[in-house]
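Here is a short briefing on one protein chain. Keep the sequence and the 3D view open as you read.

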Amino acid sequence: MFWRSVVVKLWFTILLFFSFVLITLTILLLQFFESYHVNEAEQDLMQTANVVTKIVGDYHDSDLSADTIEKVMDPSNRIVVFFDEKDYWISGTSDKTLESVELDWFYSDTDLNEVLLNHNTLKKIATLPHTNTEVVIVGQPLQNNQGAVFVYQSLDKVEETTSQTTRLIILAAGIAIVLTTFFAFFLSTRITSPLIKMRKAAMELAKGEFHTKVPILTHDEIGELAIAFNRMGRQLKYNIHAL
């Protein structure tokens with residue numbers, strides 16, 4: 001009996017529709033922010049690589065360049081500078097997951113090697129050799145085109161930011177579903193309330209209570225139906241008296 005109610009059917013239909021829209025929107029937002037945070041991390045790392053490239057270009061002494069880079073770099077990142085084929089420098093980092101990798105990795109990886117040989121820029125997500133640590137890494141050739149700068153950070157740092165955004169989106173979606181539940185119930189009750197009154201009036205009319213009238217609360221189709229119902233009641237009462 002409960003599921004046959006028009007109020008429940010209308011309420012459930014509205015709730016199901018809004019829930020589908022909210023869930024779809026939530027999934028799209030999560031995917032958008034996941035790629036957005038990765039792109040933001042790549043841009044930040046590329047800006048750092050550009051600064052390091054400028055420092056190396058301004059200071060011809062590799063030790064002075066390394067000291068300057070240590071002062072301006074983000075301690076959670078790791079920077080590798082190839083001054084030339086024989087001279088290189090690897091920075092320290094506060095992130096214990098970013099282990100110092102062997103230089104052979106930069107020459108063996110096709111994409112990384114493109115930066116060293118063909119002086120191309122690089123943005124990618126890679127896994128550090130002999131570990132399960134995923135990193136966001138960017139590469140930038142030096143101004144003299146004799147070396148390159150690589151800057152990378154752990155992907156966990158990006159995912160931590162993404163997880164915070166995910167919690168906020170899910171919380172907002174949950175609140176929206178709760179509000180939608182109350183809104184759908186209120187709307188369905190408001191729409192079906194005149195119909196319920198007409199049903200009661202029709203039952204009384206069937207028992208011979210021709211004086212029963214349905215209150216006209218709105219001026220839409222339901223209000224017109226109430227007017228037609230009252231006219232029908234008056235006409236039935238007239239016909240019965242005539243008989």
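A salt bridge is a side-chain nitrogen of Lys or Arg within 4 Å of a carboxyl oxygen of Asp or Glu. By that rule, Asp109, Asp111 and Lys124 are linked in a network of salt bridges. The model is predicted.

**Overall build**

- The protein has six helices and five strands.
- Their order along the sequence is α-α-β-β-α-α-β-β-β-α-α.
- The C-alpha trace spans about 115 × 30 × 30 Å along its principal axes.
- The radius of gyration is 35 Å, whereas a compact globule of 243 residues would have one near 18 Å.
- Of the 243 residues, 36% are buried.

**The salt-bridge network**

- Side chains of opposite charge can pair when their charged atoms come close.
- How many salt bridges does the structure hold? It holds two.
- One joins Asp109 to Lys124, with the closest N and O atoms 3.6 Å apart. Asp109 sits in the loop between helix H3 (104-108) and helix H4 (110-118), and Lys124 sits in strand E3 (residues 122-127), so this pair ties together parts that are 15 residues apart in sequence.
- Asp111 also meets Lys124 in a salt bridge, at 3.1 Å from N to O. This pair links distant parts of the chain, since Asp111 is in helix H4 and Lys124 is in strand E3, 13 residues apart.
- Is Lys124 buried or exposed? Lys124 has a relative accessible area of 16%, so it counts as buried, because buried means under 20%.
- Asp109 is buried too, at 18% relative accessibility.
- Asp111 has a relative accessible area of 36%, so this residue is partly exposed.

**The negative patch**

- Which residues gather in a patch of negative charge on the surface? They are Glu34, Glu134, Asp156, Glu159 and Glu160.
- Helix H5 (residues 155-206) gives the largest share of this patch, with three residues.
- Asp156 is found in helix H5. Its relative accessible area is 48%, so Asp156 is partly exposed. That label applies because 48% falls between the 20% limit for buried and the 50% limit for exposed.

- Where is Arg234 placed? Arg234 is in helix H6 (residues 221-242).
- With 47% relative accessibility, Arg234 counts as partly exposed.

- Leu15 belongs to helix H1 (residues 6-58).
- Leu15 is buried, because its relative accessible area is 15% and the cut-off for buried is under 20%.
- Leu15 and Thr180 are 165 residues apart along the chain, but their C-alpha atoms are separated by 6.5 Å.

**To take away**

- Two salt bridges are present, and Lys124 takes part in the network with Asp109 and Asp111.

Conventions. Residues numbered from 1 in each chain as written. Predicted model: local features only at pLDDT ≥ 70, side-chain atom pairs only at ≥ 80, totals over all residues. Heavy atoms only, no water. Patch = residues over 30% accessible without salt bridge, like charges linked within 9 Å, V, L, I, M, F, W, Y side chains within 5 Å. Areas by Shrake-Rupley, 256 points an atom, 1.4 Å probe, with all protein chains shown as cover. Lys, Arg positive; Asp, Glu negative; His and termini not counted. Charge placed at Lys NZ, Arg CZ, Asp CG, Glu CD. Helix = DSSP H or I, 4+ residues; strand = E, 2+ residues; numbered from the N terminus. Buried < 20%, exposed > 50% of the residue type's maximum accessible area, 1.4 Å probe, protein only. Rg over C-alpha atoms; globule rule 2.2 N^0.38 Å.
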